[in-house]
Amino acid sequence: NEVTSPHYQEEETNHDYRFYDLLPQQQVTPIPEQAVPETKPQQPVVIVEAPSEASAPVSNDPAAAVAAEENPPQPHQASFILQVRSYPDPDSADARRAEIILNGLSADVVKSVENGKIWYRVVSGPYDSQDAAVAAQQTLQHSGIDSIVVKR
């Protein structure tokens, strides 16, 4: 194909592109293996235990005490959640919730009242194991979202 436009015929090729000549002559030096860390240093995982939601009622009835001894309460399987942050504004909490969902994790906003003030707490989970919660926490950390693991 010939170019018939006089504009293209008058222009010369720019000779400033020397990298076409220099690049094939370059030699790549690999990084020594001892200079590359194998894994990132792990920060200690802090797990906060939430207060028990259901406490056993106190009774002075001896029959109830005997029944409690015969049928001890079944230990509940512990679950874990990630508490991300609390906001006084529901829109800010919902925006953070959306960021967590975009990272592929479940997230909810829980409304609570502390000292007469309304807070919107952003949580993710529940997770069945501590390892699953820590993995989710690391996923959020890679996106710049800090959280704490709470055992329930």
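User: Is S147 buried or exposed?
Analyst: S147 counts as buried, because its relative accessibility is 10%. Buried means under 20% relative accessible area, exposed over 50%, partly exposed in between (1.4 Å probe, protein chains only). Note that this is a predicted model, where local features need pLDDT of at least 70, side-chain atom pairs count only at pLDDT 80 or more, and totals for chains, interfaces and linings use all residues. Residues are numbered from 1 along each chain as its sequence is written, and side-chain values use heavy atoms, with hydrogens and water left out.

User: Where does S147 sit?
Analyst: In the loop between α5 (130–142) and β5 (148–151). Helices (H or I, at least four residues) and strands (E, at least two) are DSSP runs, numbered from the N terminus.

User: What does S147 touch?
Analyst: L82, Q83, V84, Q137 and L140, not counting residues up to four places away in sequence. Contact means heavy atoms within 4.5 Å.

User: Which residues of α5 are buried?
Analyst: A133, V134, A136, Q137 and L140. They cover an arc of only 160 degrees around the axis, so they lie on the same side of α5. The arc is taken from the directions from the helix axis to the C-beta atoms. On the other side, D131 and H142 are exposed.

User: What covers the buried residues of α5?
Analyst: The cover includes β2 (80–87), α4 (90–102), β4 (117–127) and β5.

User: New topic. How many residues are in the largest nonpolar core?
Analyst: It has 16 residues. L82, V84, I100, L105, V122, Y127 and L140 have the most contacts inside it. β2, α4, β4 and α5 each give two or more residues to this core. The largest share, 4 residues, comes from β2. A nonpolar core is a set of buried Ala, Val, Leu, Ile, Met, Phe, Trp, Tyr and Cys residues joined through side-chain atoms within 4.5 Å.

User: What is V122 in contact with?
Analyst: Leaving aside neighbours within four places in sequence, its contacts include L82, V84, I100 and V109. V109 is also the bridge partner of V122.

User: How do β3 and β4 pair?
Analyst: β3 (residues 108–114) and β4 are antiparallel, with 7 bridges. Two strands pair if DSSP finds at least two bridges between them.

User: What about N115 in that hairpin?
Analyst: The hairpin has 2 residues between the strands, and N115 takes a positive phi near 50 degrees.
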